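Please read it alongside the coordinates.

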Amino acid sequence: MSDDLPMDPDVPSIELDEGAARTIAAGMREVAMADGMQEDEAALIDAFEASLPAGPPSGPVNLQDLRTDHAKAAFVQSLVLVAYADGKVSEAEQMIIRRYALQLGFDEDSLARVWTDVAVDLLSTFSAVTVFRSDIEAVGRSMGLGDADVARALAD
């Protein structure tokens with residue numbers, strides 16, 4: 001996938017049509033169900049689906065609904081976010097995300113960048129915390145982040 005794709009989870013919002021949004025929701029559910037839906041995952045997905053227009057529940061994943069690079073990036077980022085939501089990323093979740101990312105044209109480096117960017121974004125919510133800092137750094141490393149990415153996430 002090209003380097004100019006929007007892979008930064010800090011992008012405030014993008015325009016998604018209803019088909020793309022419902023495909024994202026379906027993908028999120030699939031990832032969550034890969035190792036048994038957890039409460040944190042369900043809450044994240046329910047919140048996303050609550051923002052969708054009223055209509056039938058999300059059906060199966062339809063990658064054709066992801067018509068733009070922004071929609072494709074949002075899809076993969078959303079799946080990674082769900083994988084992290086319960087505090088443990090399973091091999092089954094990783095396999096689903098990798099399969100979809102490759103089908104959408106992501107290469108291994110682009111996919112690795114998405115995992116890192118989402119992890120950095122999640123960890124950055126603790127940037128102002130000074131108590132238990134070493135524990136927070138350990139959480140970042142358990143998410144697969146190297147020391148430089150942990151430092152970047154926790155920079156004030």
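1. A polar contact is taken here as a pair of N or O atoms within 3.5 Å; within protein, one must be able to donate a hydrogen and the other to accept it, and residues adjacent in sequence count only if both atoms are side-chain atoms. Asp17 caps the N-terminal end of helix 1, with a side-chain oxygen 3.1 Å from the backbone nitrogen of Gly19.

2. Basis of the note. This is a predicted model, in which local features need pLDDT of at least 70 and side-chain atom pairs count only at pLDDT 80 or more, while totals for chains, interfaces and linings use all residues. Residues are numbered from 1 along each chain as its sequence is written, and side-chain values use heavy atoms, with hydrogens and water left out.

3. Overall fold. The protein chain has seven helices and zero strands, with helices (H or I, at least four residues) and strands (E, at least two) taken as DSSP runs numbered from the N terminus. Along the sequence the pattern reads α-α-α-α-α-α-α. Of the 156 residues, 40% count as buried; buried means under 20% relative accessible area, exposed over 50%, and partly exposed in between (1.4 Å probe, protein chains only). Among contacts (heavy atoms within 4.5 Å) with a separation of 6 or more, 74% are between residues 24 or more positions apart.

4. Helix 1. This helix covers residues 18-33, and its 16 residues should span 22 Å at 1.5 Å a residue; the end C-alpha atoms are 22 Å apart, which agrees. The expected span is 1.5 Å times one less than the number of residues. The buried residues of helix 1 include Ala20, Ala21, Arg22, Thr23 and Ile24, as well as Met28 and Val31. The packing partners of the buried residues of helix 1 are helix 2 (39-50), helix 3 (69-85) and helix 4 (91-103).

5. Nonpolar core. A nonpolar core is a set of buried Ala, Val, Leu, Ile, Met, Phe, Trp, Tyr and Cys residues joined through side-chain atoms within 4.5 Å. The largest one has 36 residues, and Leu66, Phe75, Val76 and Ile97 have the most contacts inside it. Two or more residues come from each of helix 1, helix 3, helix 4, helix 5 and helix 7 (147-154). Helix 3 gives the largest share, nine residues. Leaving aside residues up to four places away in sequence, Val76 touches Ile97, Ala101, Leu104, Phe106, Leu111 and Val114.

6. Aromatic pairs. Which rings pair, and how many pairs are there? A search of the whole structure finds two aromatic pairs. Rings of Phe, Tyr and Trp (its six-membered ring) pair if their centres lie within 6.5 Å; planes under 30 degrees apart count as stacked, over 60 as edge-to-face and the rest as tilted. The ring centres of Phe75 and Tyr100 are 5.4 Å apart and the planes lie at 80°, so this pair is edge-to-face. Because Phe75 lies in helix 3 and Tyr100 in helix 4, the pair ties together parts that are 25 residues apart in sequence. Phe75 is buried, at a relative accessible area of 0%, and Tyr100 is buried at 7%. The rings of Tyr84 and Trp115 have centres 5.4 Å apart and planes at 85°, so this pair is also edge-to-face. Tyr84 in helix 3 and Trp115 in helix 5 (residues 108-123) are 31 residues apart, and the pair links distant parts of the chain. Both Tyr84 and Trp115 are buried.

7. Charge over a ring. Arg99 lies over the face of Tyr100, 4.6 Å from the ring centre. The criterion is NZ of Lys or CZ of Arg within 6 Å of the ring centre and within 35 degrees of the ring normal.

8. Phe132. This residue has a positive phi of about 60° although it is not a glycine. Phe132 lies in the loop between helix 5 and helix 6 (133-142) and is exposed, at 60% relative accessibility.

9. Lys88. Located in the loop between helix 3 and helix 4, Lys88 is partly exposed, with a relative accessible area of 44%. Lys88 and Ser142 are 54 residues apart in sequence, with a C-alpha to C-alpha distance of 9.2 Å. Not counting residues up to four places away in sequence, Lys88 touches Asp35, Ala83 and Glu93.

10. Leu122. This residue is in helix 5 and is partly exposed, at 29% relative accessible area. Leu122 touches Leu81, Tyr84 and Met143, not counting residues up to four places away in sequence.
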